[in-house]
Amino acid sequence: MNRTDRLLAIVLELQGKRRQRAEDLAATFETSVRTIYRDMQALGQAGVPLISVPGRGYSLVEGYFLPPVSFTTDEAVMLLLGADVMSQSFDADYHEASLAAIRKIASVLSERQQADVEAVRESLRFIEAGQGEGSPEQGKLRLLRSAIVARQRVCLRYQARRPSDALSRGEPREVDPYGLVHVGGRWYLNAYCHLRHDVRNFRLERIEEVIPLERAFTRPAGVGVMTRGPARGEMVIRALVAGEMARWVRESRFFHITALEDTPDGLLVTLHAREERDVVQWLLGWGRHIRVLEPASLRRLVAEEAEALLREHVEH
């Protein structure tokens, strides 16, 4: 990165993170602290209003913004496609914000770029089913997003599977919402559940109602939005998929899958789940093409369910 690009990037970094130490900037841009000092001096001489606090770092004077930036055609395409996705995938507030962002980005493009970008957008479509304006999911997303930003506890009425395969009748749970994640076409809420005294992931479609509470919470340091790695309290499940069915298992994008590995015997699938019941129906859906390797208790449960299914069809 040349110096001109680095100076611009430093200003953008300060705009995004408010305050940065010289050591942090040096690490970000892979240069020396002394170089950062010289860069900050150059920015000050160029008229960028900087605030320097010994021991705390640099920041920009509140209200300072760079002039509008220019985009390449590819950069504009990525931004506009991202805005298209958000306009479909989130609630009405973000839908309007996405449309406003699209208009602003388009306004700084040349006529030639606008034509090129529109040609690409017309040839690509992201369609999010079941998220139309006025759907129940939209209202729940809006309430949860607001609670996450305000760090406000909420009460959920949540339908959860029971060991008997029956659904709970929307039992109330007070949770501290940490984040929302969109995985495999579904929204999940990552939150601390005060009923289970642990961090849990809740499927949005199983949330019957969201009730904001007049209680704030403090988010623990180091807690991030969920990823599909092993979480505390989850069991490790391994299954082997035979033959050509492996391709379709790859395409299934099942939430609990954390690893896929080709082996001489077939596709080794690793899953993580809190309860065996979370994956039984998915396993049964592949019939004889999938074999549970571990744990042994899950092998027995799958066999019992298969036998019950056979009896149901034979007897009727």
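**Exercise 1. Which side chain meets that of glutamate 209 in a salt bridge, and at what N to O distance?**

The model is a predicted one, in which local features need pLDDT of at least 70 and side-chain atom pairs count only at pLDDT 80 or more, while totals for chains, interfaces and linings use all residues. Residues are numbered from 1 along each chain as its sequence is written, and side-chain values use heavy atoms, with hydrogens and water left out.

Step 1. Apply the criterion, which asks for a side-chain nitrogen of Lys or Arg within 4 Å of a carboxyl oxygen of Asp or Glu. The partner of glutamate 209 is arginine 157, and the N to O distance is 3.7 Å.

Step 2. Assign the exposure classes, with buried meaning under 20% relative accessible area, exposed over 50% and partly exposed in between (1.4 Å probe, protein chains only). Glutamate 209, at 37%, is partly exposed, and arginine 157, at 35%, is partly exposed as well.

**Exercise 2. Describe the salt bridge of aspartate 39 and the network to which it belongs.**

Step 1. A search of the whole structure finds 13 salt bridges, among them the one in which the side chains of aspartate 39 and arginine 6 meet at 2.6 Å, N to O.

Step 2. Because aspartate 39 lies in helix 3 (residues 33-45) and arginine 6 in helix 1 (residues 3-17), this pair ties together parts that are 33 residues apart in sequence. Aspartate 39 and arginine 6 are both buried.

Step 3. Through salt bridges that share partners, Arg3, Arg6 and Asp39 are joined into one network.

**Exercise 3. Classify the ring pairs in which tryptophan 282 takes part.**

Step 1. Rings of Phe, Tyr and Trp (its six-membered ring) pair if their centres lie within 6.5 Å, and planes under 30 degrees apart count as stacked, over 60 as edge-to-face and the rest as tilted. The structure holds five aromatic pairs; in one of them, the rings of phenylalanine 254 and tryptophan 282 have centres 4.8 Å apart and planes at 5°, so this pair is stacked.

Step 2. The pair links distant parts of the chain, 28 residues apart, with phenylalanine 254 in the loop between helix 8 (245-252) and strand 10 (257-263) and tryptophan 282 in helix 9 (residues 277-284).

Step 3. Tryptophan 282 also pairs with tryptophan 286, edge-to-face, at 5.9 Å centre to centre and 75° between the planes. Tryptophan 282 is buried at 13% relative accessible area, and tryptophan 286 is buried at 16%. Phe254, Trp282 and Trp286 form one aromatic cluster.

**Exercise 4. Determine the span of helix 10 and the placing of its buried residues.**

Step 1. The expected span is 1.5 Å times one less than the number of residues. Helix 10 (residues 296-315) has 20 residues and reaches 29 Å from its first C-alpha to its last, close to the expected 28 Å.

Step 2. Leu298, Leu301 and Val302 are buried in helix 10. Seen down the axis, the buried residues of helix 10 fall within an arc of 100° (taken from the directions from the helix axis to the C-beta atoms), so they line one face of the helix.

Step 3. The face turned away from the buried side carries the exposed residues Arg300, Leu310, Val314 and Glu315. The buried residues of helix 10 pack (heavy atoms within 4.5 Å) against strand 9 (235-241), helix 9 and strand 12 (290-294).

Technical notes: Helices (H or I, at least four residues) and strands (E, at least two) are DSSP runs, numbered from the N terminus.
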